[in-house]
Amino acid sequence: MAWSASQYVKFEDERTRPARDLLAQVPLERVERAIDLGCGPGNSTELIIDRYGKEGVSGLDSDLNMLEAAQKRLPGTAFTEADLAIWQPEEPADLLFANAVFQWLPNHLDIFDRLMDGLSKGGVLAVQMPDNLGEPTHLLMEESAHAGPWKTAFEKKSVRRNPLPPPPAYYSRLIGKSARVDIWHTIYNHPMANAGAIVEWVKGTGLMPYLAHAGEEHREAFLADYLARVERAYPKMADGRVLLRFPRLFLVAVKG
C-alpha cells in the first residue's frame with residue numbers, strides 16, 4: 001500500500017498538533033542524535049529540528065513518496081528508507097520519536113522493548129498513536145466494507161487494524177528498562193468544514209487499506225457509501241461545520 005504525502009498534508013496543522021504536544025513532554029534539554037521514526041513528509045522532523053537544532057537529527061520511513069516529500073521539505077536532513085518492524089539504530093540515540101506510525105504494527109510492544117536497547121542512558125522513546133477504532137470514522141469503514149458489491153473481498157480478509165493494548169500493558173513492558181514511563185490520552189475535537197472533509201482526512205490514513213482492498217473499480221462507490229454514513233454520524237454545529245473527535249495515546253519512556 002502506497003501512502004500519499006500530498007493527501008496527508010491536506011490537514012497538516014491538525015496532524016502536527018499531537019507531535020507538538022508529544023515533543024513538549026520530552027524531558028531532554030539537548031540531543032546529539034535524534035531520529036524521527038515514520039517521519040512521513042517531515043512535519044514532525046521539522047519540530048525536532050526547531051527545538052534541538054539540525055545537527056544529529058534524521059528521519060526514516062518505509063514509504064518512498066513520504067521520504068521524497070520530507071527531503072524536499074528539509075533538504076539538509078538525512079532521511080532513510082527502513083522497515084520499523086526490524087530496524088534498530090546502529091548507535092545509541094538520545095531520542096527516538098514516533099508520531100502516528102506504530103498503530104500499524106501489531107507487535108509494537110516487542111518493537112518498543114527492542115528500541116529501548118537502542119537508546120543512550122537517559123534517552124527517550126516518545127510515541128503517539130491514534131486510539132480511535134471505536135470512533136464513528138472507523139466503525140463506519142467496517143460498515144461500508146460489508147455493504148456493497150465489494151464485500152466479498154472483506155469476507156476473505158479483514159483490513160481493520162488491531163486495537164491498541166491498554167496503558168498497563170505499555171507500562172509493564174517498558175518500566176523494566178526505564179527510569180520513568182509516562183502514558184496519557186488526549187482527545188482532540190477538530191472542527192471540519194463538513195462530512196466530506198472528514199472523508200478527505202481519513203483518505204490519507206485509515207481509509208486507505210479499505211479503498212485498496214475494495215479495488216479501483218469500486219473506489220468511487222465505496223467513497224460515496226462511506227460519505228453518506230459519515231454525514232449521518234456527524235451532525236452540523238451552529239456554524240455549519242462538523243466536529244471530528246479524535247482520541248490519541250501518548251507515551252514517553254526515559255531509559256534507566
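Reader: How do α9 and α11 lie to each other, roughly parallel or oblique?
Author: The model is predicted, and its local features need pLDDT of at least 70, side-chain atom pairs count only at pLDDT 80 or more, and totals for chains, interfaces and linings use all residues. Residues are numbered from 1 along each chain as its sequence is written, and side-chain values use heavy atoms, leaving out hydrogens and water. Helix α9 (residues 195–203) packs on helix α11 (residues 219–233) at an angle of about 125°, their axes being 9 Å apart, where axes are lines fitted to C-alpha atoms over the stretch in contact and angles run from 0 to 180 degrees between N-to-C directions. Since angles under 35 degrees count as roughly parallel, over 145 as roughly antiparallel, 65 to 115 as roughly perpendicular and the rest as oblique, α9 and α11 are therefore oblique.

Reader: How many residues of the contact of α9 with α11 are nonpolar?
Author: Contact means heavy atoms within 4.5 Å, and here Ala-195, Gly-196, Ile-198, Val-199, Val-202 and Lys-203 of α9 meet Arg-219, Leu-223, Tyr-226, Leu-227, Val-230 and Glu-231 of α11. Ala, Val, Leu, Ile, Met, Phe, Trp, Tyr, Cys and Pro count as nonpolar, Asp, Glu, Lys and Arg as charged, and the others, Gly among them, as polar. On this division the contact of α9 with α11 has three charged residues, one polar and, as the number asked for, eight nonpolar.

Reader: How are α5 and α8 oriented to each other?
Author: The two helices pack with their axes 10 Å apart and at an angle of about 30°. Residues meeting there include Phe-112 and Met-116 in α5, and Tyr-170 and Arg-173 in α8. The orientation of α5 and α8 is therefore roughly parallel.

Reader: What is the relative accessible area of Leu-37?
Author: Leu-37 lies in strand β1, strands (E, at least two residues) and helices (H or I, at least four) being DSSP runs numbered from the N terminus. Leaving aside residues up to four places away in sequence, Leu-37 touches Leu-60, Trp-87 and Leu-115, among others. Leu-37 is buried, and its relative accessible area is 0%.

How values were computed:
Buried < 20%, exposed > 50% of the residue type's maximum accessible area, 1.4 Å probe, protein only.
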